[in-house]
Amino acid sequence: EAFSAAQQALVSAGIAGALREIKDAYAECVSLAGDFEAGMSNVEALSGSTAQEMAQLSAKAKQLGADTQYTAVQSAEAMGYMAMAGWKAQDMLSGMTGVVDLARASGEDLAQVSDIVTDNLTAFGLKASDTARFADVLAAAATSANTDVGIMGETFKQSASVAGALGYSIEDVAVGVGLMANAGVKGSIAGTALKNSFNGLLEGVTLTSAAFGEYQYSAVQADGTMKGFGSTIEELRGYFEQMTEAERVANAQAIAGKEGYNGLLAILNAADKDYQSLTDSINDCAGAAGRMAAIKMDNLNGQLTLMDSAWDALRTTIGEEFNPELRRLAETGTDVLGWANSFVQAHPPLVKGVMTFTGVMGGAAVAVTGV
């Protein structure tokens, strides 16, 4: 009766509901902290970082969670992709800012952007220290052409490794990707067009036109290295300007084949003004990702997003205070359940007897109460 009276008093005073709300709020904090800890454990397992390095990485993820629209958990996921790409702790610490700026500028998922950046830095033969440059190029291309980071990521899946092997720069390739996107050639289709164009240029091609007859064009220099992709495109644009429409199509097919000539034509047929404007934007893009990110967040909705992220950072910090005790409790629970499992395996008849007795008593209760 005393317990019942106390319960009724709590309900009447509204204290019970308030306590449940407090409990739920702390449970959310613990859940966020647990997700963050799991994400950083994944980074540690993949990267082999020391305890000191993990402390630095955790602090970086928390700082980004408090200062940007991406939470600490999302930052940990991004670091996971970096670790899978073979990045060490110092690479992650130096590269996270560029990746976050690109994600903020594009408005895309942070982990996806991290995957795109890490994969293609490797493909182009670049290092983690080149992350800011790579992010600025992609941000400039997304701003100046009809494409975005995710679409460019699909394009690079088909072409980046070949471009890197040929020594082509990310700037020159990004110009080509942007010009193709402006003509509606995007994603994996653009990637195939680029790859086939690269292969055709490597083999050499005989250009034919009524204006100049036949010309054996090669993008391979005397020392065996490739001309820059930008230089090659400028030379080809000079030849294609002298051709008729039909000759352009035929020569583009000779270089890139039937599955790639559409993309090559988009690059070679672009107006001089558009070609030069995009080239200038990408070649002079230092700091582009950071500037775009700042502009996109300079509004009420942006500030509210930052506030939500800061709130998540606070909840994660609160939740971390409970982690040690909850881990010890979980360990104890695991031990108890393990002992119970062993007991059941050792005494199956006893367990069956208990279950039978419980079933009988339950049936009797139903018969008496109808519940």
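Axes here are lines fitted to C-alpha atoms, for helices over the stretch in contact, and the angles between their N-to-C directions run from 0 to 180 degrees. Helices are DSSP runs (H or I, at least four residues), numbered from the N terminus. The structure is a predicted model, in which local features need pLDDT of at least 70 and side-chain atom pairs count only at pLDDT 80 or more, while totals for chains, interfaces and linings use all residues. Residues are numbered from 1 along each chain as its sequence is written, and side-chain values use heavy atoms, with hydrogens and water left out.

**Helix packing**

- Helix H11 (residues 229-240) and helix H13 (residues 261-268) have axes that come within 9 Å and cross at roughly 85°, and the two helices are therefore roughly perpendicular to each other, a term that covers angles of 65 to 115 degrees.
- Where contact means heavy atoms within 4.5 Å, Ile233, Leu236, Arg237 and Phe240 in H11 meet Leu265, Ile267 and Leu268 in H13.
- By class, this contact of H11 with H13 has 6 nonpolar, no polar and 1 charged residues, where Ala, Val, Leu, Ile, Met, Phe, Trp, Tyr, Cys and Pro count as nonpolar, Asp, Glu, Lys and Arg as charged, and the others, Gly among them, as polar.
- The axes of H9 and H13 come within 8 Å and cross at roughly 100°, which makes H9 roughly perpendicular to H13.
- In that contact, Gly176, Leu179 and Met180 in H9 meet Gly263, Ala266 and Ile267 in H13, and by class there are 4 nonpolar, 2 polar and no charged residues.

**Salt bridges**

- A search of the whole structure finds 5 salt bridges, each being a side-chain nitrogen of Lys or Arg within 4 Å of a carboxyl oxygen of Asp or Glu.
- In one of them, the side chains of Arg104 and Asp101 meet with an N to O distance of 3.4 Å; both residues lie in helix H5 (residues 89-106), 3 residues apart, about one turn of the helix.
- Arg104 and Asp101 are both buried, where buried means under 20% relative accessible area, exposed means over 50% and partly exposed lies in between, with a 1.4 Å probe and protein chains only.
- Glu171 forms a salt bridge with Arg133, the closest N and O atoms being 2.8 Å apart, and this pair links distant parts of the chain, with Glu171 in helix H9 (residues 170-182) and Arg133 in helix H7 (residues 131-144), 38 residues apart.
- Glu171 is buried, with a relative accessible area of 14%, whereas Arg133 counts as partly exposed at 34% relative accessibility.
- Glu235 forms a salt bridge with Lys227, with the closest N and O atoms 3.1 Å apart, and Glu235 is partly exposed, with a relative accessible area of 32%.

**Aromatic rings**

- The count comes to 9 aromatic pairs, where rings of Phe, Tyr and Trp (its six-membered ring) pair if their centres lie within 6.5 Å, and planes under 30 degrees apart count as stacked, over 60 as edge-to-face and the rest as tilted.
- The rings of Phe198 and Phe229 have centres 5.3 Å apart and planes at 85°, so the pair is edge-to-face; Phe198 lies in helix H10 (residues 187-203) and Phe229 in helix H11, 31 residues apart, and both residues are buried.
- Ring pairs also link Phe212, Tyr215, Tyr217 and Tyr239 into a cluster.

Notes:
Angles under 35 degrees count as roughly parallel, over 145 as roughly antiparallel, 65 to 115 as roughly perpendicular and the rest as oblique.
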